[in-house]
Structures are given as C-alpha cells and as structure tokens.
Amino acid sequence: MTKLDTLKKHLKPGNAYRRAELARWSASVDRHLKQLVEDGTLKKLSGGLYVYPKETVFGPAPASDKEVVGAFLKDDTFLLASPNAYNSLGVGTTQLYDKTVVYNHKRHGEFQLGSRKFAFRMKPRFPRSLTQEFLLVDLVNNVDQLAEAKDEVLKRVAQRAASSDRRRLDRAVREYGNERTKKFFERALRASELHAA
C-alpha cells in the first residue's frame, strides 16, 4: 500500500478537511493533496480547505454547508442562517438571496468556499438552531440589508410580534437584538398591549 493509499484510507465521502488535519497521515501532504485534487478524489474549496465529494446516482455531491463551515472554522459552535429564512415568517419578505450567513465566535467577513459564498458574522451570542423568535429579531437587526420596502416589513413584524409567544420573544430580543432592535420591539409590544387593553 502506497503512502497516498494510506492517506486515502482516512478520508470519508461528504467530509471537509483542512490541510493541517491531513498532514497527520502524510509526510508529503502538499504532494499528496495535489495528486488527490488532480485525480478528482478531493476538491479544493479555498486555501488549505478540501472536500471529499460523496458519490450519488447523480454524480458527486458537495459536502454540506455545515461540514464545510465546521472544517473552515475548526469549530462546531456556529449557526447557519440565510435571509431566505425570513420568508417563512409571513411578514412580506419574498426575495431570494444567494448568501449564507454564519454566526460564529471566530471569523468575520465574506468568504468563498468552493462555489458557495458565506458571510461570517462574529456574535457574542446566537441560538443553537433557528427559531421563529430569533428570525424576527435577526430580520429587524438586518432590515437595512433587505431588498423589500423596510417600513412595510417592519409594520408586519410588529403585527407578528403581537401574536408571538411573548416570553420567548422577549428573551430573543434581550439576547440577540441590537439597541435599535430592542427599541423597535419595546415600542411594538407596548402598542399591542395598549391596543389589547
């Protein structure tokens, strides 16, 4: 068995790898990586980041965003989000965005990993998974970046907030909202209370 075969034995389809990780199994890691990329075993996503595509009946499938981002950050504490998720809230957002936002504790900036674009945003706190409450708060945090009419969207968010689980929404606003977002929800919820009284 060649040294290249020994390295190949450690690769799992669908996984992403950093060069440093593969250096554990190869004394000539750069030469072996070059050979593996040339023979199609690995695909280079960016400097020092590679993926081993999984074979499907439709051809090679890319690694999941979660797998790629985890290898890129060398960490699994992050949250993948997309402005497209706002469309599920029923607040009038309908645009489709070709961008995945990665909330994390390590990197900030736009990175192209393979054919996908990721916007890394460093945040002190974010939930483990996307919740309706987090999405409402996140939408208001980022409303200036949306293509839709801002005032219309915010009016619908206020209506949606009034019918949300108040306790969970309050916690999401407190933990994840910026100052402007906190003020917006404070006004929206106060108005809905007055309206209900």
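Helices (H or I, at least four residues) and strands (E, at least two) are DSSP runs, numbered from the N terminus. Now the ground rules. This is a predicted model: local features need pLDDT of at least 70, side-chain atom pairs count only at pLDDT 80 or more, and totals for chains, interfaces and linings use all residues. Residues are numbered from 1 along each chain as its sequence is written, and side-chain values use heavy atoms, leaving out hydrogens and water.

First stop, D76. Find D76 in the loop between α4 (65–73) and β6 (78–81). Is D76 buried or exposed? D76 has 69% relative accessibility, so D76 counts as exposed. Exposed means over 50% relative accessible area, buried under 20%, partly exposed in between (1.4 Å probe, protein chains only). K66 is ten residues from D76 along the chain. Their C-alpha atoms are separated by 8.5 Å.

Next, H32. This residue lies in helix α3 (residues 29–38). H32 counts as buried because its relative accessibility is 4%. What does H32 touch, leaving aside neighbours within four places in sequence? H32 is in contact with K3, L4, L7 and S26. Contact means heavy atoms within 4.5 Å.

Last, a helix pair. The axes of α5 (residues 132–141) and α7 (residues 166–176) come within 9 Å and cross at roughly 45°. Axes are lines fitted to C-alpha atoms, for helices over the stretch in contact, and angles run from 0 to 180 degrees between N-to-C directions. From α5, the contact uses E133, F134, L136, V137 and N141. From α7, it uses R168, L169, A172, V173 and Y176.
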